Amino acid sequence: MSTFRELVETRSRPLVTAEFPAIDGGDLGTIQAKLDPILPYVDAINATDNPAAHAHASNTAIAIALKTLGADPIMQVVCRDKNRLAQQADVVGAALFGVTNVCALTGDDVTAGDEPQARRVFDLDGPQLIKVIDGLREGRYLSGRKLDPPPDLFVGAVENPFAPPQHYRVERARIKSDAGARFLQLQIGYEPDRLEDFVRGCVENGVAARTALIPSICLTKSAKALDFMHDKVPGIVIPEPLRARVKSAADVPEESYQVALELARHALTVPGVAGIHVTDFRHDGSLARLVTDLGLRGASAAA
Amino acid sequence: MRLLPLLEDTVKGAVWDCRMCGQCVLHSTGWTCPMTCPKTLRNGPCGGVREDGHCEVKPEMRCIWTKAEKRSHHALNPGFWGKHFAELRPPVDNQLHGTASWANLFSGRDHEHPDGWTGLTHDDEPVAPWPGLGEIDDVMALDDGFHVRNAIA
């Protein structure tokens, strides 16, 4: 069993997952070079599926490559680009290579990307996709046709605790948990009180016990990056005082890092949180520093 | 039967901006049509809802799910509908698009879901599209009428 899955199931220590950078060319060596600085510090790595509606090397190919190179991939599957047949085929296909962690997302709209002319699919929505993938795990396609043997899938999803209607997000987590999600990677957020409210709700309704809640921490190094996220990424709000603090700092990259560190420290103290997910826009070793500063050890580092 | 979809489209199109999915769930969504969501989401809002409750794709439009959530729990919406709000609605059956959901409700057609959704597994579902053909070892042994009977139009 993968360390990631074991940690989700046992919660023996806080887990760390990270986003793998988008790949647009090269070969396995390219993947290896991007993987080397991350691998020792994380328990699993997300292979994204056309993030922000931009075409990149596919989720399936990257997940298989990561598995081949010794990492424990989490293959993201979004609903924007493919219909239910293609989504099921990707999950079943990747599982042949040992890619068993799957994370179901609705996905950004095509208008968020650089090819807004594309047809949007959304044949399934996020919660439906979770249930369909969980069906694959149980040994059947959506049609009911048998998979023999069934893939040993470990199904998860995402949720945004920070977006309206906030009180409903807890219920949404419950719906996703009931549909089969064993972990929920949460959207990047800069409002600790909203995270606390969400996680508290999930503890009260029992979701946090059966589904690992994994808040996301974003590593940035400029005030512009924060402004960009606040202005351009729907669903992400960064309070003005926080942006001002980074903007006016003597050492902006260092202050940006400290903000991420504080948010991560806070997240890990919230009862019901199983670990953190790191999105690294710095690529300067800050991921290693963060994991070390938090006193967390990734799977490979501990081995 | 052409008249019924036309009538339904006219009435529901005017009132709810109905998209004629043919499997109406308005009663469970606070009388807010989920097919008017740019992502046609049937199970609640995506993570891109803006801080003001508006849509990620169309900033001028209020997220239909923030509306649906409010309306389904409104005092005027009977509880027997409101309680269906948090149910997991099944994937859209695209074969029903353009048909009258009134007829599909009456016939029960809109409650037919793929076996996998309801948890049924077919043990011996054949894999080949034309299973009979897979069992034929010697095509020359077929009787004279076989190809006529099994012609693929």
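## Polar contacts between the chains

Between chain B and chain A, 18 residue pairs are in polar contact, both residues at pLDDT 80 or more. A polar contact is a pair of N or O atoms within 3.5 Å; within protein, one must be able to donate a hydrogen and the other to accept it, and residues adjacent in sequence count only if both atoms are side-chain atoms. Helix H2 (64-72) and helix H5 (115-118) of chain B each supply at least two residues of the side of chain B that touches chain A. The largest share of that side, 3 residues, comes from H5(B). Helices (H or I, at least four residues) and strands (E, at least two) are DSSP runs, numbered from the N terminus.

## Basis of the model

This is a predicted model, in which local features need pLDDT of at least 70 and side-chain atom pairs count only at pLDDT 80 or more, while totals for chains, interfaces and linings use all residues. Residues are numbered from 1 along each chain as its sequence is written, chains are lettered from A and ligands numbered from 1 in the order in which they are written, and side-chain values use heavy atoms, with hydrogens and water left out.

## Interface extent and salt bridge

On chain B, 38 residues are in contact (heavy atoms within 4.5 Å) with 40 residues of chain A. The buried area is about 3100 Å², with carbon and sulfur atoms giving 56%; this is the accessible area (1.4 Å probe) that two parts lose on being put together, summed over both. B:Lys39, B:Glu51 and B:Trp117 supply 17% of the area that chain B buries against chain A, more than any other three residues.

The rule finds 1 salt bridge across the interface, defined as a side-chain nitrogen of Lys or Arg within 4 Å of a carboxyl oxygen of Asp or Glu. A:Arg194 forms a salt bridge with B:Glu51, and their closest N and O atoms are 2.6 Å apart.

## Backbone features of chain A

A cis peptide bond joins A:Asp148 and A:Pro149, with omega about 0 degrees. A:Pro149 is found in the loop between helix H5 (126-138) and strand S5 (154-159) of chain A. The peptide bond from A:Pro164 to A:Pro165 is also cis, with omega near -10 degrees, and A:Pro165 is placed in the loop between S5 and helix H6 (166-179) of chain A.

A:Ala52 has phi near 50 degrees, a positive value in a residue other than glycine. This residue is found in the loop between strand S2 (44-47) and helix H3 (59-68) of chain A.
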